[in-house]
Every structure is written in C-alpha cells, then in structure tokens.
Amino acid sequence: MAESSSVQPAGTPISSRVAGYGLFMLTIVYALNFIDRQILVILQEPIKQEMGLSDAQLGLLSGFSFALVYITAGIPIAYWADRTNRRNIIAGALTIWSGMTAISGLAQNYTHLLLARIGVGIGEAGGSPPAHSMISDYYPPEKRGTALAIYSTGVHVGVLMGFILGGVISQAFGWRIAFMAVGLPGVLFALVFFLTVREPQRGRWESASQAAYKPSLRDTITLLSSFRSFWYLAAATGLTAFAGYGNGNFAPSYMVRSHGLGMAEVGIVLAIFGGGGGLIGTFLGGYLADRLGVGDKRWYLWVPALAGVLALPLAFPYLLLDNTTVVIGFMFLVTICLNTYLGPCLAISHSLVPPAMRALTSAVLFFVLNLIGLGLGPLTAGLLSDLYTAHYGVDGLRYAMLTVGVISSPAILLFWLAARNLPRDLARSKQLMADY
C-alpha cells in the first residue's frame, strides 16, 4: 500500500470540503454515541440510591452487559459495512441507540434498565467500524492518524456533554428526564446525517484491484492472525481501555464520595478536566504519530507507550491525595496520557489491510478493546470497590481505582512489542497487497 502524499485517489473525486464535512458529521455521531453511553455514568449515584444497587451491579450495567452485546453485534455489522453503504448503516444505528437511551428513562427496575442498555449496545455496535472505514477512504494514509484522532475526540466531546447535561438535568429534573433529553435529539440528527453525508468510494486511495478485492470473513481473520503486531496492539489498547473505562466510569462516584462534590459540580468538573483532557490527549496522539511516523511507523505505537509511562506515576496522587484542586489537576494529566492511543492504533491497523477489510479490522480491534476495557474494567472496579469498602469505608473506591490502574500497566510493554514487530508486518502487508 502506498504511504506517501503522492498517492492519488482512484475513482470519483471527493473534495477536501466534502471529506471535511463527512469527518465533522461522523465526529458528531461519535459524540452522540458517547453521550448516550456515558450518561449512565454521571447518573449512577441517584440510580443506585433509588434502586438500591451495589457498585458491582453498576459496573455490570455500565460495562460488561453493554460490552458483551456491543462486541457480539460489532463483527457481523462490520462485515456487512465492508460490503454495503456505510452511511446508511451509521444512520440506522444512531436511530436505534438514541431511541433506546430515551427509553432508559422509563425503566422501573434494574432489569428494565439493563435491557434498555443492551438495546443501546446493539445500536452503538453499528457506529464506529463503518465510520473508521469511511474516514480511511476520505483521507490518504499519511493523514489518517490525525483524521481518525479527530474523529476519536468525539468520545470526549460526548463525555463532556454527557457529564454536563447529565449532572445539570438530573439535579434539576431527575435522572429519568436526563436520559430522555440526551436520547431524543440523536433520532433527529440521524435523519440529517442520512440526507447530507456523502458515502466515499471504497478504496479510493488504493489501486483498482485492491479496491475491488472482496475478502471473506475467514480471509480477514486469517490475515489479521498473521500480523503479530496487530494482536500486541489490540491487547495493549484493551488494557489501556481497562483503566480508562474502569476508573472513568467510577470517577463521578469518586468525586462525590471522597471529595464531597454535588452532582452538578461533578458534571462540570469532569466535563472540563476529564472531557477536555481526553480531547487534548486523543488529538495529540494522532497528530504526533502522523508527524513522527513519517520517518518511522513505529512511532504510532511508541507514542501511546510513552504516554503510559507518564500516566502510571501520575495516577497515585490523583487517587490518593485529599486536596480536591490538586486531584483535579492530576486527573487532567492522567486523562491526557491515557487517551493518546486510539487514533494511532486505528491508523496503523488500517495500514496493514486492504480497503474491504477495514471496518472488520476496526471491529476486531474494538472487540478486544471493549471486551477487556469496557467489559471488565468497570466490573472489576465495582467488585474491588465493594470488597475494599468493607475494610476501608469510603476510601475503598479510590483504592479499587488505583488497583485497576496498576493492573493495566502491562499495556506499556505490549505497545513496545507491537512496535518491534511492526516493520516486518508492514513489509509483508505491502507485498501481499501488491499481489491483489
């Protein structure tokens, strides 16, 4: 696959304006994805009080149950997206997950809420893999790290808006109205997205034969299985997400229990310093990888590895100090470091495979990421919090979050191992795609 700016797109031209608009709209969709996903996190405390839930139940609700459906549905939807109109899939998925978020406000017990969140997970499974594939057709290889990082900032725009809206609306009108207020606008935006976004030609930056190649599911899994770097980076992203989701999903509860903040205060603080830190880290990760990776593609993996080295020691003052102002500052720095990985890892994964494998490659990567990160992170944090609280009282949650951070630290080694194997895998990929 060509890796220089001299690559010219095949097929129907798409202007930079059209590509930019498509990226902008996809980023909004991703923001809505995370508003609807993370709204539950900011609402955990009032839901826990009304329904009498444990932290383990909250972790299961916001993590494992959602992730199980999300990753199971993600593979077949991504395979479908590699063969049909990706814009239409995203518009339909947005309609489903937004509607199910609104329905969450009608839940009368834990089972109702669990079923509604499963519905959100099914819808959201159709969001990111098709979007990643579209972006890789909007932009050439040397710009994908930045483009995919810009898209990935939607996570933190969504978290930011979810925390603000959830905190303010729930305090004023209750948690049920908060679910409805963030869910219903997404249904309307899905129609706007469907009518205004242009589907790019698949494989427009590759040769005609590469663009026309239609692999089977088995072909894709077989090819990915042969790239050792991909599986190291997938495991590394999973462990990084383990810390991000495990601690991020309980950050509101931590600020309430250990630092005495109210719901509206928590929403604003986490929106600005959590969401803002995530925005900065996600963009920087992709931007630095694209800049440094011009000479050596291993920088796409060295950037998140070095960020992990910085994040681990910063987590101790964030979770152990009692000065709320200082804690917020360290939370901001940790959040920046923990969010540098997604854009570079997506970009380098797409560089390993032909165009018709990109949505499925993203789905496989997200399968690992969400199984380990979203599935096990919040559940582990919740179980440890229940266990530690029996011995340490209110401090049990902070010790649980610190334990989750330490458990995730082998991600640093895995990123380094992925980088060590990357040159060989890229060379092999280039030779394979030359044969298509």
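**Figure 1. Glutamate 199 and the backbone of arginine 87.** In this predicted model, the side chain of glutamate 199 reaches the backbone nitrogen of arginine 87 at 3.1 Å, a polar contact being a pair of N or O atoms within 3.5 Å, of which, within protein, one must be able to donate a hydrogen and the other to accept it, while residues adjacent in sequence count only if both atoms are side-chain atoms. A second polar contact, of 2.8 Å, joins the side chain of glutamate 199 to the side chain of arginine 86. Glutamate 199 sits in the loop between helix 9 (175-196) and helix 10 (208-212), where helices are DSSP runs of H or I with at least four residues and strands are runs of E with at least two, numbered from the N terminus. With a relative accessible area of 19%, glutamate 199 is buried, a word used here for under 20% relative accessible area, with exposed for over 50% and partly exposed for what lies in between (1.4 Å probe, protein chains only). When neighbours within four places in sequence are left aside, glutamate 199 is in contact with Thr84, Asn85, Arg86, Arg87 and Met134, contact meaning heavy atoms within 4.5 Å.

Residues are numbered from 1 along each chain as its sequence is written, and side-chain values use heavy atoms, with hydrogens and water left out. Because the model is predicted, local features need pLDDT of at least 70 and side-chain atom pairs count only at pLDDT 80 or more, whereas totals for chains, interfaces and linings use all residues.

**Figure 2. Asparagine 33 in helix 1.** Asparagine 33 is found in helix 1, which covers residues 16-42, and its relative accessibility of 1% means that asparagine 33 counts as buried. Apart from neighbours within four places in sequence, the residues in contact with asparagine 33 are Trp97 and Glu124.

**Figure 3. Leucine 58 in helix 3.** Leucine 58 lies in helix 3, made up of residues 55-81, and is buried, with a relative accessible area of 1%. Not counting residues up to four places away in sequence, leucine 58 touches Gln44, Lys48 and Leu53. From C-alpha to C-alpha, leucine 58 and isoleucine 47 are 9.1 Å apart in space, and they are 11 residues apart in sequence.

**Figure 4. Phenylalanine 173 in helix 8.** Phenylalanine 173 has its place in helix 8, residues 154-173, and at 64% relative accessibility it counts as exposed. The C-alpha atom of phenylalanine 173 is separated by 39 Å from that of leucine 312, which is 139 residues away along the chain.

**Figure 5. The whole chain as the setting for the close-ups.** The chain holds 20 helices and zero strands. Its radius of gyration, taken over C-alpha atoms, is 21 Å, close to the 22 Å that the globule rule gives for 436 residues, so the chain is as compact as a globular protein of that length; the rule itself is 2.2 Å times the number of residues to the power 0.38. Along the principal axes, the C-alpha atoms fill a box of roughly 60 × 45 × 35 Å, and buried residues make up 60% of the 436 residues. Of the contacts in the chain with a separation of 6 or more, 86% are accounted for by residues 24 or more positions apart.
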